[in-house]
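Student: Could you show me how to read strand pairing and helix packing in a model, taking one feature at a time?

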Amino acid sequence: MTPQFLLVSFVLAALTLETTFSLQPDQQKVLLVSFDGFRWDYLYKVPTPHFHYIMQSGVHVKQVTNIFITKTYPNHYTLVTGLFAENHGIVANDMFDPILNKSFSLDDMNIYDSEFWEEATPIWVTNQREGHSSGAAMWPGADVKIHNSFPTHYMPYNESMSFEDRVAKIIEWFTSKEPINLGLLYWEEPDDMGHHLGPDSPLMGPVISDIDKKLGYLIQMLKNAKLWNTVNLIITSDHGMTQCSKQRVIELDQYVDKEHYTLIDRSPVAAILPKEGKFDEVYEALAHAHPNLTVYKKEEIPERWHYKYNNRIQPIIAVADEGWYILQNKSDDFLLGNHGYDNALAEMHPIFLAHGPAFRKNFTKEAMNSTDLYPMLCHLLNITAMPHNGSLRNVQDLLNSATPKAIPYTQSTTLLLGSDQPGEYEPEEAYPYFIGLALGSVIVIVFFAVFIKHLIQSQMPALQDLQAEIVQPLLQA
Ligand SMILES: [Zn+2]
């Protein structure tokens, strides 16, 4: 081996070590986009060329298991915290907290009450604590003051703001003098139309085509702003949608006296708070009321739902089978499409696609959990994750081989959240990172040692000549 060869090898090894373990600083950017209620298989309902363009130039996960209950607010908070509902505290779109003695409802200003949100810390807060800037365009909860913070840039929720205007804001924030590294973009469709038309309606075709056009617009705007190759774009959703029917309705008033309980949340998971002394009566009346309704005492709720250990989960929940609708009585609103059902049901699952410098190209993965997104976001942003219920290891294969830096170490032990029992947190192991680091370091040290040794050896004859030259005159003298 010549010294030149060794020098080149050393430099290459050092460079490999660098690119193997981190994204370039200007690539540590994420734009997380949620199209509310975009079911995983809408991609195949009508031609969706822009979604398919991302699948081919990036990654696609076929089945994403979201969290129970499969509703908008609980799942959006999971995407930005990595926590199950019982741990982040947004257990439904409509809640009652007996400790705070307060209600939470999407139709009410009390969603701006910080106390409901502070059982968790959303990623924008952590991102900003580490010195970065975040920007949220209508992301659920992003206009609420949480742990004394708002996103660096955000807008009060305004349903009528167009998709194009939301995109313009995101682009502005990514290209400003103090650019954001985290953007969050939310769009209400195809959820709204899915509820009104039902997902099986042929009229959903144009709705999905319109979303595909909107995605095309976003891609074009990112390209125009020269962000396409540096921003890691993640397209996902909160939940899917299933077809309902007036033939599949369960009316609670037919089985139990409505004076005996308060109905906190309705369909398809009825959250029932019995009046004092009426627990047994209400439970017995509902337990075998209807073959398509499963009724649980709070302590009997299946563990797999991670939906038990929080004060905001009511003493009794009644869960409808897929496609069945719970009403107090027929005067309640009925919608042709709904979600909120068991998160094991495929129809409740959202889409997941991603493109960017961190992601592999044309790669399809079978399954992931929506809780796994959060540690991946933290990895991409190079920030330290808060304790969470996900695992970066589960989704590491979505990332291209130049970026496995970082399984950022997470101090995930147990935390007492909400009420009676500790939540479960999966510890994120840092072994692969340290093994990689150790191996890389050994390679560099060995190359360096061999190089130095070779260099010294190659200089030896010259030194001997020099010594000879010095010695000779002395001898002559
Ligand atoms: Zn919805």
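Student: In which sense do strand 13 and strand 14 pair, and over how many bridges?

Tutor: Strands of a sheet pair through backbone hydrogen bonds, either parallel or antiparallel. Strand 13 and strand 14 (residues 316-320) pair in the antiparallel sense over five bridges, where pairing requires that DSSP finds at least two bridges between two strands, and strands (E, at least two residues) and helices (H or I, at least four) are DSSP runs numbered from the N terminus. This is a predicted model, in which local features need pLDDT of at least 70 and side-chain atom pairs count only at pLDDT 80 or more, while totals for chains, interfaces and linings use all residues. Residues are numbered from 1 along each chain as its sequence is written, and side-chain values use heavy atoms, with hydrogens and water left out.

Student: What is the strand order of the open sheet, and which strands are at its edges?

Tutor: The order is 11-12-14-13, with antiparallel pairing, and the edge strands, strand 11 (261-265) and strand 13 (293-297), each pair on one side only.

Student: At what angle do helix 2 and helix 8 pack?

Tutor: Helix 2 (residues 49-57) and helix 8 (residues 204-224) pack at about 55 degrees with axes 7 Å apart; axes are lines fitted to C-alpha atoms, for helices over the stretch in contact (heavy atoms within 4.5 Å), and angles run from 0 to 180 degrees between N-to-C directions. Helix 2 is therefore oblique to helix 8, since angles under 35 degrees count as roughly parallel, over 145 as roughly antiparallel, 65 to 115 as roughly perpendicular and the rest as oblique. Among the contact residues are Phe51 of helix 2 and Leu215 of helix 8.

Student: How many disulfides are found?

Tutor: A search of the whole structure finds zero disulfides, a disulfide being a pair of cysteine sulfur atoms within 2.5 Å.
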